[in-house]
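Work through the exercises below with the sequence and the structure in view. Each task is followed by a solution in steps.

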Amino acid sequence: MSQESQTPEGSAAQTIDGFHLVIEALKLNGINTIFGLPGIPITDLTRLSQAAGMRVISFRHEQHAGNAAAAAGFLTQKPGICLTVSAPGFLNGLTALSNATVNCFPMILISGSSEREIVDLQQGDYEEMDQLAIAKPLCKAAYRVLHAQDIGIGIARAIRSALSGRPGGVYLDFPAKLFSQVMEHTAGLASLIQVVDPAPKQIPGADAVHRALNLLKNAKRPLIILGKGAAYAQADAALRALVETSGVPYLPMSMAKGLLEDTHALSAAAARSYVLAQADVVMLIGARLNWLLSHGKGKTWGESGPKQFIQIDIEPKEIDSNVAIAAPLIGDIGSCVEAMLQGMGPNWTPAPKEWVAGIAERKAKNLSKMADTLALNPSPMNFHSALAVVRSIVAHHPDITLVNEGANTLDFTRSIVDMYEPRKRLDVGTWGIMGIGMGFAIAAAVTTQKPVLAIEGDSAFGFSGMEVETICRYHLPICVVVFNNNGVYGGMDVNQSGGADVAPTVFVKGARYDLMMQAFGGVGLNATNQLELKAGIEAALASGKPTLINAVIDESAGTESGRITKLNPKTTPKAPVKAST
Ligand code: FYN
Ligand code: ADP
């Protein structure tokens with residue numbers, strides 16, 4: 001890692017270059033994995049990182065490397081690293097950086113860039129672009145390092161920015177010349193920083209805890225909403241204790257499913273509409289009142305009476321963002337929940353029985369309706385019958401990670417497939433973004449070293465499908481199931497002009513996505529019924545071999561935009577216009 005050079009006096013001095021300073025700075029901070037795509041000027045950084053013992057996962061497109069970094073950040077509480085080339089590679093990584101920031105996942109996008117002198121005078125360098133300026137509005141923080149002696153500081157600032165407070169994405173700009181700069185070896189290593197306490201605990205004020213407990217104590221119909229911030233916080237035991245001691249029913253947001261097992265008696269997931277409309281005091285824990293919760297107002301929340309909110313969040317600016325929050329509790333979730341538990345003491349009166357029983361009744365109705373639907377075995381398969389298979393497999397393998405994207409495929413999987421362990425469900429998150437599938441699956445396989453099941457709509461899979469080669473190349477235990485219903489939402493749409501092109505939402509009918517996996521040496525299977533699907537997934541989990549199952553789904557089974565149809569504007573039929581003379 002060090003090189004020898006001659007000092008003016010002629011004696012040999014050990015030096016260290018920019019490449020190695022970057023590698024040593026990351027390793028010093030416990031970062032041992034890089035997701036990226038080699039090319040000018042960072043090719044040698046990928047090689048040398050691997051040589052230095054880091055795991056370098058090389059992708060086919062930077063967006064998926066970025067998504068992998070973001071998911072790794074969510075799963076491990078360490079910033080995931082995505083490494084890209086300049087301008088176009090950097091831009092490809094930006095969607096993931098931005099998505100990570102929106103979802104509060106810690107990641108660092110490191111991009112090589114062209115020389116400042118040429119970029120700033122716009123003299124036309126190879127891949128010339130003012131990357132720092134472009135990244136700034138799309139992430140939590142952005143820094144550029146020009147001198148080798150600042151690499152340690154740059155990486156420390158990036159780690160602290162990504163992890164402290166509300167986690168998010170950080171951009172680090174490394175111009176090509178930085179990598180070949182050298183420092184005297186000892187001074188170089190001494191310039192690196194091991195970040196101390198990068199995500200400091202934030203203890204809530206005693207008065208804020210008291211206010212929240214008072215509200216909860218007097219509630220007649222209390223509800224807890226667990227969000228992915230609660231999953232990220234890794235305060236699993238405290239959260240369980242809070243739910244169970246308070247006896248308050250809880251609703252998990254999709255990536256919080258499994259924090260407590262979905263079969264828990266206090267889960268209100270199967271009575272979602274009822275509890276949102278009826279609750280009088282709602283405690284949000286690491287969940288925002290954004291579009292996924294109808295902004296905390298309107299019909300979803302019942303117009304019968306005002307609700308009062310308690311909100312636990314690390315970001316003070318989140319409070320009152322959509323509706324008034326009566327009891328904000330600012331701090332890290334672990335500390336806030338512990339403080340509440342302490343305040344509740346051993347003699348806390350659990351939530352009113354009538355409320356809990358009312359929810360159980362609503363739940364039982366929905367669960368039995370669901371059980372009836374899941375018992376059907378139509379041919380071809382529909383979403384329910386295919387997911388009945390997945391549901392039973394996850395129940396038997398609760399420690400596998402489930403990655404999920406699509407429209408109908410996402411919505412049906414969320415409600416049908418119960419989760420049993422924390423942070424085992426990764427999905428499209430706050431933006432409802434498509435294209436996270438293979439990146440998230442790869443991150444989960446690499447970080448958990450356990451099997452991953454990716455349930456993908458055929459359209460969603462198309463965004464990152466080429467990464468099946470990456471999955472095969474690294475022999476990752478990932479089983480991808482493509483729910484193939486011949487198009488976006490389904491395959492039944494027609495070209496309204498009567499022309500020869502198919503409708504914009506329709507794909508090649510009867511496509512065989514399984515052959516894509518076979519092309520790279522993985523296992524590809526076509527499943528036309530429940531038995532084939534079950535056998536295929538079970539074989540994949542047992543062998544750990546990269547597998548893609550093309551699950552043939554009735555092309556008329558989906559609804560347009562799944563359960564968010566109301567967000568999709570439609571033309572209203574117009575009265576015929578009279579021709580003017
Ligand atoms: C839930 N439900 C169940 C169960 N779980 N019934 C029986 N058994 C189980 N296990 C019921 C639940 O009570 C609801 O019924 C219904 O199923 C749906 O529950 P879900 O999925 O939790 O809730 P809903 O209303 O869809 O949630 C709204 C939402 C969600 C906005 C949070 O739709 C969502 O996360 N959407 C993300 C969409 C997205 O990002 N799409 C990608 C873009 S695709 P009721 O209580 O009777 O209502 C581009 O088009
Ligand atoms: P969901 O989509 O599941 O509802 P969101 O992404 O909207 O979840 O909300 C997550 C929230 O959790 C964010 O407001 C974020 O600030 C907060 N958060 C993340 N990590 C922590 C933590 N360790 N402690 C407290 N709040 C956190």
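**Exercise 1.** Find which element gives the largest share of the shell around ligand 1, and describe that shell.

Solution.
- Step 1. In this predicted model, the largest share of the shell around ligand 1 comes from α17, with 4 residues.
- Step 2. The shell holds 23 residues, and the closest are Ser273, Arg414, Ser415, Tyr489 and Arg563.
- Step 3. Sorted by class, these residues are 13 nonpolar, 6 polar and 4 charged.

**Exercise 2.** List polar contacts of ligand 1, then state how much of its accessible area the protein covers.

Solution.
- Step 1. The side chain of Ser273 has an N or O atom 2.3 Å from an oxygen atom of ligand 1.
- Step 2. A polar backbone atom of Arg272 is 3.1 Å from an oxygen atom of ligand 1.
- Step 3. A nitrogen atom of ligand 1 lies 3.0 Å from a backbone N or O atom of Ser415.
- Step 4. On its own, ligand 1 has 1,000 Å² of accessible area, and the protein covers 81% of it.
- Step 5. Two or more residues of the shell come from each of α13 (272-278), α15 (353-374) and α17 (408-416).

**Exercise 3.** Explain why ligand 1 lies between two domains.

Solution.
- Step 1. Residues of the shell around ligand 1 come from both domain 2 (206-361) and domain 3 (376-567), so ligand 1 lies between these domains.

**Exercise 4.** Describe the surroundings of ligand 2.

Solution.
- Step 1. Ligand 2 is surrounded by 20 residues, the closest being Arg166, Lys228, Arg288, Asp313 and Ile333.
- Step 2. The shell has 8 nonpolar, 6 polar and 6 charged residues.
- Step 3. Helix α11 (residues 228-232) gives the largest share, 3 residues.
- Step 4. Domain 1 (2-190) and domain 2 (206-361) each supply at least three residues.
- Step 5. An N or O atom in the side chain of Arg166 is 2.8 Å from an oxygen atom of ligand 2.
- Step 6. A polar backbone atom of Ile333 is 3.0 Å from a nitrogen atom of ligand 2.
- Step 7. Taken alone, ligand 2 exposes 590 Å², of which the protein buries 96%.

**Exercise 5.** Is strand β12 (residues 281-285) mostly covered or mostly uncovered, and which strands pair with β12?

Solution.
- Step 1. Strand β12 is mostly covered, with 5 of its 5 residues buried.
- Step 2. Val281, Met283 and Ile285 point one way, and Val282 and Leu284 point the other way.
- Step 3. Strand β10 (residues 222-226) runs parallel to β12, joined by 5 bridges; Pro222 has Val281 as its bridge partner.
- Step 4. Strand β13 (residues 308-313) also pairs with β12 in the parallel sense, over 5 bridges; there Ile312 is the bridge partner of Ile285.

Methods: Residues numbered from 1 in each chain as written. Chains lettered and ligands numbered in written order. Predicted model: local features only at pLDDT ≥ 70, side-chain atom pairs only at ≥ 80, totals over all residues. Heavy atoms only, no water. Near = heavy atom within 4 Å. Polar contact = N/O pair within 3.5 Å; in protein donor to acceptor, adjacent residues only side chain to side chain. Areas by Shrake-Rupley, 256 points an atom, 1.4 Å probe, with all protein chains shown as cover. Nonpolar A, V, L, I, M, F, W, Y, C, P; charged D, E, K, R; others polar. Domains from an automatic or database assignment. Buried < 20%, exposed > 50% of the residue type's maximum accessible area, 1.4 Å probe, protein only. Pairing = 2+ DSSP bridges.
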